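Hi everyone, thanks for coming. I'd like to walk you through one structure today, so let's bring it up on the screen.

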Amino acid sequence: MFTGDGDGLVRIGRELDQTNPSPVLIGFISTAQSGMSLLPPNVAARSLFVAPALPPDTRLGSPFFSLLQAGGLPTNYLGLRTAAFAAGNVLVRALRSCGSHLDRDSLVRTLEHLQHFETGVVPPLTFGPNRRVGSAGAVILALDPAGHDVVAISDWITPKF
């Protein structure tokens, strides 16, 4: 289980490439994505990554990808960038709904009534009085050896509480 950044992923990947048999490497795409394409092929073939959302669909997430392109931003750390984009959309929506008399209580009430909010980059978000996380769950991704891209190998996994 790896919890570091892309540079650390590359270092651990090189070390794991020397072991036989190579163990399965599990990591978080939100922090390690920048090193995924640099993994040795043997390690990459046995790597799984957990993501809080499916990779953004370029058709639904066109505002997100347009923002990346306009800012000249690279597509590394895409997991963190999509989460920040979604959070920004939620905040803008809540601020607009609160109107000109913004205070903490009205913002919290507005967020608690946000249901099935589409950001284009993560599954629809729903909040409530006892629900402070908009989307609970994850998807498991693997590396496509041909294109060095990620592919979903699981459906959306919702935790059982």
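Let me start with a term: a residue is called buried when its relative accessible area is under 20%, exposed when that is over 50%, and partly exposed in between. Please keep in mind that this is a predicted model.

With that cut-off, take E112, in helix α6, which covers residues 104-112. Is E112 buried or exposed? Its relative accessibility is 17%, so E112 counts as buried. Setting aside neighbours within four places in sequence, E112 has contacts with F127, G128, P129 and R132.

Now to the inside. The largest nonpolar core holds 16 residues, and those with the most contacts inside it are L9, L25, I29, M36, L39, F49 and L143. At least two residues of this core come from each of α1, α2 (29-36), α3 (41-44), β2 (47-51) and β3 (139-144). There is also a second, separate core of 13 residues, including F85, V90, L114 and L125.

Let's stay with α2 for a moment. Six of its eight residues are buried, so to speak mostly covered: I29, S30, A32, Q33, G35 and M36. What does I29 touch, leaving out residues up to four places away in sequence? The partners are M36, F49, V50, A51, L141 and V150.

Finally, the surface. M1, V24, I26 and F28 make a nonpolar patch of about 370 Å². One of them, V24, sits in the loop between α1 (6-17) and β1 (25-28). V24 counts as partly exposed because its relative accessibility is 43%.

That's my tour, and I'm happy to take questions!

Key:
Residues numbered from 1 in each chain as written. Predicted model: local features only at pLDDT ≥ 70, side-chain atom pairs only at ≥ 80, totals over all residues. Heavy atoms only, no water. Patch = residues over 30% accessible without salt bridge, like charges linked within 9 Å, V, L, I, M, F, W, Y side chains within 5 Å. Areas by Shrake-Rupley, 256 points an atom, 1.4 Å probe, with all protein chains shown as cover. Salt bridge = Lys/Arg side-chain N within 4 Å of Asp/Glu carboxyl O. Helix = DSSP H or I, 4+ residues; strand = E, 2+ residues; numbered from the N terminus. Buried < 20%, exposed > 50% of the residue type's maximum accessible area, 1.4 Å probe, protein only. Core = buried A, V, L, I, M, F, W, Y, C linked by side-chain atoms within 4.5 Å. Contact = heavy atoms within 4.5 Å.
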